[in-house]
Amino acid sequence: MNYKLLHMNIHGDAQGNLISIESMKNIPFEFKRMYYIFGTQPNIRRGKHAHKKTEQVLIAIKGSCKLFLDDGTNKETIKLNKNYEVLYLPPNLWHEMYDFSTDCVLVVLASDFYNENDYLRKYDDFLKYWVHDEKNN
Ligand code: T46
């Protein structure tokens, strides 16, 4: 599975800590958009889609959540609970976020502007686009 867990440098000093994220330096794409998810109840499951082109990184700045990942063959679950750990999410992974702590703030940096046409929101469309299409053969 082609996600990556990236460990960010913490600049800690007497003032406290600082983490910096820079396009093409410590994450592997240029980002055009940032959004953040908060106030999600523990019984809610979000995501449930893949993307056609958009690359993203996900950071649990505060609290924790789990991420279910599926490339059409393999399935994995990851817990995001460290603000220095950044998950690089390539477009071809079906992802679902769940088990949010009530204080969770999930920050996402995305390689492109919001465009609903980039979403594969039906699992069959995801399989057709990323697993069975010619582009992967
Ligand atoms: C993803 C996961 C990790 C916007 O208007 N602009 C935006 O930039 C985004 C991301 C969403 N929206 C609207 C679209 C929906 O009406 O906000 C609403 C909630 O979006 P959605 O149901 O897609 O949220 P999630 O948590 O299921 O998925 C989000 C991102 O949409 C998605 O790209 O990979 O977080």
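Me: What does D99 count as in terms of relative accessibility?
Reply: D99 counts as partly exposed because its relative accessibility is 34%; buried is under 20%, exposed is over 50%, and partly exposed is in between, using a 1.4 Å probe and protein chains only. Keep in mind that this is a predicted model, where local features need pLDDT of at least 70 and side-chain atom pairs count only at pLDDT 80 or more, while totals for chains, interfaces and linings use all residues. Residues are numbered from 1 along each chain as its sequence is written, and side-chain values use heavy atoms, with hydrogens and water left out.

Me: Where does D99 sit?
Reply: D99 is in the loop between β10 and β11 (105-110). Strands here are DSSP E runs of at least two residues, numbered from the N terminus. D99 also has a positive phi, about 55°, although it is not a glycine.

Me: And what is phi like at K48?
Reply: K48 has a positive phi as well, near 60°, and is a residue other than glycine. K48 belongs to strand β5 and counts as partly exposed because its relative accessibility is 40%.

Me: Switching to pockets, how big is the largest pocket?
Reply: The largest pocket has a volume of about 160 Å³. A pocket is an open set of points on a 1 Å grid over the protein atoms alone, where a 1.4 Å probe fits, with protein on both sides within 12 Å along at least five of seven lines. The volume is the space filled by probe spheres set on the points, which are joined across faces, edges and corners.

Me: Which residues line the largest pocket?
Reply: Among them are Y35, I37, R46, H49, L58, M97 and Y119; a lining residue has an atom within 4 Å of a point. The elements giving two or more residues to that lining are β4 (33-38), β5 (46-51), β6 (56-62) and β10 (94-98). β5 gives the most, with 3 residues.

Me: How does that lining split by class?
Reply: The lining has 6 nonpolar, 4 polar and 2 charged residues. Ala, Val, Leu, Ile, Met, Phe, Trp, Tyr, Cys and Pro count as nonpolar, Asp, Glu, Lys and Arg as charged, and the others, Gly among them, as polar.

Me: OK, sheets. In what order do the strands of the open sheet come?
Reply: Its 5 strands run β1-β9-β6-β11-β4, with antiparallel pairing; two strands pair if DSSP finds at least two bridges between them. The edge strands, each pairing on one side only, are β1 (4-7) and β4.

Me: What are the bridges of β11 like?
Reply: β11 pairs with β4 in the antiparallel sense over 6 bridges, and R33 has A110 as its bridge partner in β11. Another 6 bridges join β11 to β6, also antiparallel, and there V57 is partnered by L109 of β11. β11 is mostly covered, with 5 of its 6 residues buried.

Me: How about β6 and β9? How many bridges?
Reply: β6 and β9 (residues 85-89) pair over 3 bridges, in the antiparallel sense. L58 has L87 as its bridge partner in β9.

Me: Last one: why does L67 count as buried?
Reply: L67 counts as buried because its relative accessibility is 0%. L67 is in strand β7 (residues 65-70). Beyond its neighbours within four places in sequence, L67 contacts residues including L58, L87, I78 and M97, where contact means heavy atoms within 4.5 Å. L67 and M97 are 30 residues apart along the chain, yet their C-alpha atoms are separated by 4.6 Å.

Terms used:
Helices (H or I, at least four residues) and strands (E, at least two) are DSSP runs, numbered from the N terminus.
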